[in-house]
Every structure is written in C-alpha cells, then in structure tokens.
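Trainee: Please take one part of this model and go through it closely. I would like a single chain first, then whatever can be said about a contact between chains.

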Amino acid sequence: MSSHGITRADMQHVHLPRRRRVNRLMEGLAMLAALIAVGMLVIVVWSVAKRGAGAINLDLITKNPVPFSFEPVAQGLANAFVGSLVLVGLATLMALPVGILVAVYLNEFAPPSVRTFVGLALDVLNGVPAIVIGIFVFGLVVIGRGQSGWAGAFALACLMLPLVARSTMEVLALVPSSLREASLALGVARWRTTLSIVLPQTIGGVLTGTVLAVARVSGETAPLLFTSSIVGTQTSWSPFHALQSVPVAIFELSESPDPQDHARAWAAALVLLLFILFTSLAARWLATRSRRKLAASR
Amino acid sequence: MTEDEDVSTTIEPTVRVETRRQPLPPRERLERIFGIEDLDALYSGKPAIKGVTMDVYKNLVTAIIGPSGCGKSTYIRCLNRMNDLIPSFSMKGTIRYHGQDITGSAVDPVAVRRHIGMVFQRPNPFPKSIYDNVAWGLKVLGLKDSLDDRVERALTQAALWDEVKDRLKASALSLSGGQQQRLCIARAIAVEPDVVLMDEPASALDPIATAAIEQLMNDLKSEYTFVIVTHNMQQAARVADMTAFFSISRGDEGARWGELIEYDATEKIFTAPSDRRTEDYVTGRFG
Amino acid sequence: MSSAELTPEATRRPFTGPRVRFGDLVLQVVAGAAAAAATVLVGLITWKVIDGAWPAITQYGVRFVTRVAWNPVVSHELYGAGSFLFGTAVTSLLALAIAAPLSIGIALYLTELAPRFLRGPVTALVETLAAIPSVVIGLWGILVLGPVLRDHVEPGLHSALGFIPLFGAPSTSGSSMFTAIIVLTIMILPIVSSISRELFLGVPSELKEGALALGTTRWEMVRGVMFPYARGGIAAALILGLGRAVGEAIAVTQVIGGGVFIHWNLFDSGDTLASKIAASYQGATSKLQVGSLIYLALILLVFSLVMNLAAQWIVRRVARRQGLGART
C-alpha cells in the first residue's frame with residue numbers, strides 16, 4: 001500500500017482490468033463481511049427463538065424454581081423476574097436524578113475546564129468493565145454485611161449513570177439559548193429558568209436515554225454476581241437481601257448439566273431478548289418523535 | 001454654523017421625518033429615567049463601546065442608530081444587565097436608573113430585569129400555549145391576581161388580542177413571525193416593566209408586521225418608556241422622539257469600538273445634525 | 001398600574017438584593033454535588049479495588065502478575081495472575097484480529113457499497129447484535145456453538161493445520177479458548193463496525209470525489225483516501241473493541257472451560273482475568289484468595305483505564321486535526 005494512496009500505476013489504463021478485478025474482489029469481501037455479521041445475528045436470535053419458544057409457558061413467570069427435582073415438576077423463574085424488576089427499578093431511581101443533575105451542572109453552570117474533566121470521568125466510568133464494578137460494590141458494601149438487592153441495584157446504577165448523563169447533556173445542548181434569554185429578560189431567576197423552561201424541553205431525550213440505559217442494564221450479569229446472587233427460591237420484593245435476577249438465573253442454568261434447566265434458560269433468554277429488543281425499539285421511536293418535535297418548533 | 005440656523009436647505013436627508021409627530025416638550029419638562037455616564041463595555045478586555053454618556057427620558061421612544069458593528073446591541077443589553085450572561089464581558093462607568101446605580105456586583109440583575117424588559121431580534125416565544133406565554137411570567141413573578149384580565153390587557157396592548165382570543169390554548173409556535181413578536185411584546189409588558197428595550201424587533205419581520213409594531217410603540221409610550229435599536233433609519237425617523245447615533249471609531253493595531261456621536265431630538269438628527277459624521281450617515285454617504 | 005405609579009416604587013425599592021439568589025445557590029450546589037459524586041466515583045472504585053486486593057498485594061507484590069498458579073488448598077495457598085493474563089491476551093488479541101477486518105468490511109459495505117434501501121435496516125441489525133446480553137451469547141456458546149466447534153470445526157482445523165501448535169488436539173467438551181475467541185469476536189464486531197461506520201460517513205465527499213474523478217476504482221479510493229483519513233478513529237475503535245473483549249467476563253467464563261495453565265493449543269480450556277473472577281463468585285474461602293481475586297480485578301481495571309484513556313486521547317487528537325481540516 002503506497003503512502004500516497006493513488007499511484008501513477010493505478011491510473012494507467014494498461015492495468016485497468018487487473019484493478020477492476022481487485023476492486024470487485026474487495027467489494028465482494030466487504031459484502032461477505034456484512035453477510036457474516038447479519039448471519040451471526042440471525043443464527044443467535046434464531047437459536048434463542050427456536051429453543052426458547054418451545055419451553056416458554058406461563059409457569060416461567062408464575063412459579064419459582066424447585067432445585068434438585070429429578071422428576072419433571074412445574075417450575076419457573078418467577079423469583080428472577082420479580083428480582084430483576086426490583087433491581088432495575090431501584091437502579092433507575094438511583095441513576096436518573098443524579099444523571100440529570102450532573103448534566104444540568106455541566107451544561108448550565110460549569111466552566112469549560114470542569115466540563116471536560118467531569119466529562120472525561122464519565123467516559124472513564126463508562127469504560128470500567130461490569131465485573132470490576134461488581135467487585136467494587138462487593139468491597140464497598142457486601143464485605144461484612146452480605147449481599148443485598150440494594151448492593152445489586154447500586155452496581156447497576158453505576159453502569160446507568162454515564163449513559164443517562166450523556167444523553168441528557170446532548171438534549172440540553174439542543175435547547176436554544178434564545179429560550180433562556182427570553183426567560184431571564186423577564187426577570188425570572190436562573191434556577192427557575194432552568195427548571196421551568198429548559199428542562200421540560202428535554203423530557204423526550206431524557207426518556208429515550210433512560211429507556212436505552214434500562215435496556216442495556218437489564219441484561220447485565222457481572223455486576224450482580226458478587227452483590228446479589230446467593231438467593232433462595234422464594235419470590236421476594238425486598239431489596240434488603242439478595243434478589244435473584246433473570247441474567248444471573250440464565251447464567252446459573254447454563255452451567256447446569258440438566259437439559260430441563262437448559263430449556264428454562266432458553267425460555268428466559270427469549271423473554272429477556274424480546275424485552276431488550278422492544279425497549280430499544282421504543283427508545284428509537286421516542287428519539288425520532290422528539291427530534292421531529294424539536295425540528296418543528298424551530 | 002450654530003444649532004439655531006436652519007440648515008434644512010443645505011442637506012438632503014435620505015429620510016423624511018414624520019411631521020404629524022407631536023413636538024417634544026422642552027428639555028426641563030422631561031423626566032430622566034436613565035443616566036448613563038462614561039460607559040465602557042468590553043469583551044475579553046477589548047472595548048466594544050467607549051465613553052457613552054446620555055440620558056434616556058421617560059415616556060419617549062428613544063432610537064439607537066448606527067452602522068453595523070458599532071455596539072448598539074451591546075449598549076442596550078447593558079441597560080438590563082443581559083450582558084452578564086456573557087463570561088468575557090466587563091463594564092466600566094455608571095448607569096443610573098431612577099437615580100440608582102444598577103451596575104456593579106452588589107446589584108441583583110434579576111431585580112433589574114423585572115423593571116427593564118427586553119424584546120429580541122428574533123421572536124423567542126416559549127414552547128407553551130399563547131395564554132401560558134403571557135401568564136407564566138405573571139405567575140412566577142407573583143402577579144397572580146386576575147390573571148385572565150392581565151393576559152387580555154397585555155395582548156390587547158400588543159395589538160394581538162383580536163387575532164388570538166379564540167385560540168389562547170393553541171401553541172405559540174403556530175403563530176406567524178409577526179404575531180410571535182407581538183406575543184413576545186405582550187409577554188414583556190404583562191409583567192409591568194418600567195422600560196421596554198427592543199433590539200431590532202422588526203428586522204426579521206415583513207413590512208406589515210413592522211408597521212404594526214411601530215404603531216404599538218407609539219400607542220404605548222404613554223405607559224412605558226421604549227429604547228429601540230434599529231439599523232433602519234426610516235424606522236427611527238417614523239417612530240422615535242429622540243435618536244442617538246453611534247459610529248465606529250478606530251485606534252491603533254486595528255482596534256475598533258463604538259462611540260456615541262450625537263444624541264438629540266429625532267427631527268434635529270435627521271434635518272440639522274451637528275456632527276459631520278451624523279450628517280454623512282443620515283444622508284446615506286456611508287453606512 | 002401605569003409606570004407612573006411604579007416610578008416612586010422603583011426609586012424606593014433597592015436593587016441591592018442578596019448577591020446570589022437562594023434558589024440559584026441551591027440548584028448549583030445540588031447539581032454540583034452530583035457532578036462531584038460522579039467524578040469521585042471513579043476514584044472511589046480505584047481505591048476500593050486496591051483496598052480489597054491489599055492482602056494479596058502485600059503478600060505477593062508485583063510478582064503476582066507473572067506467576068502461573070492458583071492453588072486454594074489451605075496449606076499450600078499460592079496465587080498468581082500469569083495464566084489469566086496469557087488467556088486474556090490470547091483470546092482478546094485473536095478476537096480483535098478476526099473482528100477488525102470483518103468490522104471494517106461491514107462499515108465499508110454499509111457506507112459505500114450497499115444499495116440505499118438496505119443501509120438503514122442492515123445497520124439496525126448490526127446494532128441489534130450489540131444489544132444481545134452477554135449471558136445469552138454465552139448460553140448460545142455453550143449449547144450451540146460449542147458442540148458445533150467440537151464436532152466439526154476443531155477436528156477439521158486440527159487435521160488440516162495440526163502442525164501449527166495453535167491447532168492441537170480438539171476439545172472434548174466444546175468449551176475452549178477457541179470458542180471464547182469466536183464469542184468475543186461476535187461481541188466486538190458491533191462496536192468497531194459502528195464507530196468505523198461513523199468515521200467513514202464523516203469523510204468529506206469532496207475528498208472522495210476528487211479521487212474518483214481521477215479515474216480510480218472504488219477500492220483504490222477507499223485505500224487511498226478513506227483509510228488514511230479515518231486512520232486515527234479506527235485505531236481508537238480497535239482499542240475500544242479490545243477493551244470490551246478484555247473486560248468481558250460472563251460469556252467468556254461460560255465457554256472457556258477454566259484452568260490454570262499456559263499452553264498454545266487453542267482448543268484447550270483456559271481462563272482470562274475477567275472469566276476467572278466471574279467463575280469464583282460462589283465464594284472464596286480465605287482472605288488471601290479473596291484478595292487475590294480482587295488483585296485480578298485491579299489488573300483488569302488498570303488495563304481498561306489505560307485503554308480507555310488511550311482511545312479518548314486518540315479521539316481528541318483526531319477531532320482536533322479534522323476540525324482544522326474542515327475549516328480549510
């Protein structure tokens with residue numbers, strides 16, 4: 001590959017048929033790559049769909065697991081679904097207000113140097129592996145006190161925070177400064193302007209960002225392994241002890257030798273996948289809708 | 001040549017001063033509302049305007065004219081401390097409002113803006129309904145009694161009531177540009193300011209909408225004091241009682257700043273200006 | 001109330017209010033506290049992980065990093081990260097080596113070659129791949145991919161390329177480093193390809209048209225104009241993808257089989273830093289073992305911080321250069 005990219009030899013017609021062949025080969029390879037990627041997606045989703053659909057039944061969300069049962073007995077993963085609901089719900093409650101406040105501070109109050117620094121911290125936080133976050137919360141809260149739903153939710157919240165903060169910042173930047181000026185010129189105070197005029201404009205974007213963060217975090221296993229995984233089989237809504245979750249349940253079932261367990265794992269995987277796909281689509285739909293509204297108001 | 005000499009035969013102004021305007025009362029009868037003394041406005045240490053000294057009088061329309069880049073907008077934004085929003089901005093000199101100095105960090109700019117409102121170049125209504133655009137400011141600033149009456153009065157004064165009275169709940173963004181600007185005027189006067197500053201309010205509007213706004217100023221000046229920045233000399237001639245002419249001065253190393261050249265009754269500025277630079281501008285020889 | 005009545009009010013009412021409004025102060029303090037908390041969180045994570053690893057750090061020091069051992073037996077406790085570092089390096093780098101050309105190919109296809117109506121849907125499909133949780137990919141890896149590799153691919157590779165130590169005796173269970181590499185490739189692909197796609201879309205069309213107008217083929221234009229232009233960004237994308245692979249714990253631990261050795265046969269089992277930590281969640285017994293596990297997490301944290309910062313630095317440098325380029 002010449003460092004100038006296009007050589008004189010490239011341009012001479014005498015090589016044209018060879019150059020055309022190389023070009024077609026490369027185009028074919030690129031298309032092959034795309035086919036492989038799409039193929040992988042289709043294969044994985046198809047596997048989950050096929051095997052999961054066969055094992056899906058109402059028991060999955062209504063009954064609890066019955067461990068060490070050698071005869072087939074009606075069981076499900078009710079405790080995992082309830083636990084996931086509680087964990088993700090609490091994590092959202094923790095991460096959403098903090099994320100919005102961080103974005104408000106960075107966008108409305110912070111000098112540029114602070115903005116770059118905190119922005120960098122957020123990006124670094126985003127890049128910390130989920131398992132390390134799990135270990136962190138383990139060392140912070142679990143050692144000495146034991147696992148709990150609070151610990152698991154906090155670990156998930158650490159993952160959600162940079163996502164919510166980033167998407168809120170993007171929407172805040174889109175609010176035109178003329179709107180802020182109009183309110184301030186009336187003699188309205190800064191804090192009132194931010195809360196009553198600027199933030200309401202961002203609701204669509206914040207919602208989208210939150211939904212995406214929820215979709216992302218619902219499937220996370222690693223942060224929960226050390227914080228909320230040693231559970232019983234009963235359904236529980238209390239975060240004061242460890243709660244089972246769908247990803248951790250799938251993880252445990254996948255390691256078991258029992259094909260019944262595998263079947264339940266596929267079924268749970270299908271439900272999880274469908275949930276994530278639907279929430280991602282919902283977020284994308286919300287995003288296009290709020291973008292259209294903002295464009296119309298210009 | 002002294003000021004008293006009639007020089008209308010010696011210069012040909014490019015604008016005609018409206019003769020049906022009421023003559024100004026004598027200077028002693030005018031009440032001073034702003035006393036600006038030796039005002040400098042700087043961005044990152046570089047002056048945008050220097051040494052401005054003038055008085056603004058109550059219940060008059062005062063126009064600020066001049067070529068683009070002479071600091072007219074900067075000047076008017078000093079009067080309601082809007083330039084505070086710009087981090088690189090600093091100010092020297094005094095602005096007395098009803099005798100009180102409103103410059104300096106000891107003064108609360110939010111309180112200043114309560115009394116001195118502003119209408120901007122591009123209409124910027126809130127993304128709320130027409131009613132709420134006017135009512136929101138009233139609610140936040142504590143003028144909550146007889147809200148409906150206050151809203152109607154503001155919209156009527158802004159010559160918008162008849163056009164919107166049947167669709168007060170419609171979004172403000174569904175109005176035309178001229179209507180949106182009148183809504184912004186209604187919003188500003190609803191909170192009962194003392195002074196309304198207008199930064200080229202009609203530059204984004206068509207002639208009919210412009211005329212409506214000019215008529216508005218004329219009708220309302222008995223209640224409010226208007227200071228309007230305009231790049232349109234004809235507009236100043238039509239609408240203003242007093243006119244201030246700013247121009248660009250140059251210094252070494254390419255430094256440029258705006259200075260107040262002449263400030264007088266509009267008629268005088270356009271027919272018998274004292275300063276050569278004013279004469280050049282109003283006769284169209286430059287700018 | 002006309003302004004005439006307001007005037008005496010105005011002269012009487014002082015403008016000298018509180019220097020800072022209470023509401024403004026509250027909002028700024030609360031929001032600032034949130035921002036401070038977010039920043040402090042990163043430092044807190046680092047500190048807590050060091051703190052947790054302390055028993056092992058004081059016991060082993062830096063030699064922990066290279067020692068190949070993991071023996072929890074009480075009287076002979078000895079721990080080391082060596083085999084896991086090897087596992088992480090081999091699996092992540094090989095996965096990146098496979099994923100990189102694939103991702104760039106996908107990105108090229110989506111930006112230059114695909115018919116317009118396909119671009120949106122196929123992009124969405126590739127991004128959906130990123131949305132699949134790692135535990136689901138791991139599940140698929142154990143129960144579907146593993147058996148296929150064990151029964152067909154690995155024997156095939158062994159018989160064809162068995163002279164290369166990488167392709168030694170096939171695994172018996174389907175769980176091997178090879179399976180982990182395939183799984184990691186699937187997970188890196190969407191990240192690298194979506195970033196590359198954005199980069200390619202950002203190449204100014206004047207540059208592309210300039211090359212094509214000379215009479216070059218599309219591939220020559222890509223090679224001569226697009227790759228050099230996007231070079232920095234693609235490097236950052238690759239680093240981010242590598243970071244993703246290094247940090248992946250769940251899918252890898254499901255398919256890699258586990259083990260504490262260094263060997264070149266890809267079809268053998270092994271462990272990476274992340275997968276070893278995940279595999280031990282059921283409970284470590286001694287303080288030293290817990291400390292050693294967290295020591296592994298510390299090494300992982302350092303890796304990912306370095307890679308993240310390197311990617312950020314590249315992105316900022318590239319953005320600055322390209323920002324200037326846009327102005328000329």
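Mentor: Helices (H or I, at least four residues) and strands (E, at least two) are DSSP runs, numbered from the N terminus. On that basis chain C has 11 helices and two strands. Read from the N terminus, the order of elements in chain C is α-α-β-β-α-α-α-α-α-α-α-α-α. This is a predicted model, in which local features need pLDDT of at least 70 and side-chain atom pairs count only at pLDDT 80 or more, while totals for chains, interfaces and linings use all residues. Residues are numbered from 1 along each chain as its sequence is written, and chains are lettered from A and ligands numbered from 1 in the order in which they are written.

The C-alpha trace of chain C spans about 100 × 70 × 35 Å along its principal axes. Its radius of gyration, taken over C-alpha atoms, is 27 Å, whereas a compact globule of 328 residues would have one near 20 Å (the globule rule is 2.2 Å times the number of residues to the power 0.38). Two residues are in contact if their C-beta atoms, placed from the backbone, lie within 7 Å. Of the contacts in chain C between residues at least 6 apart in sequence, 77% join residues at least 24 apart.

As for a contact between chains, 19 residues of chain B are in contact with 14 residues of chain A. On the chain B side, two or more residues each come from helix 2 (109-115), strand 6 (116-119) and helix 3 (130-140). Helix 2 of chain B gives the largest share, three residues.
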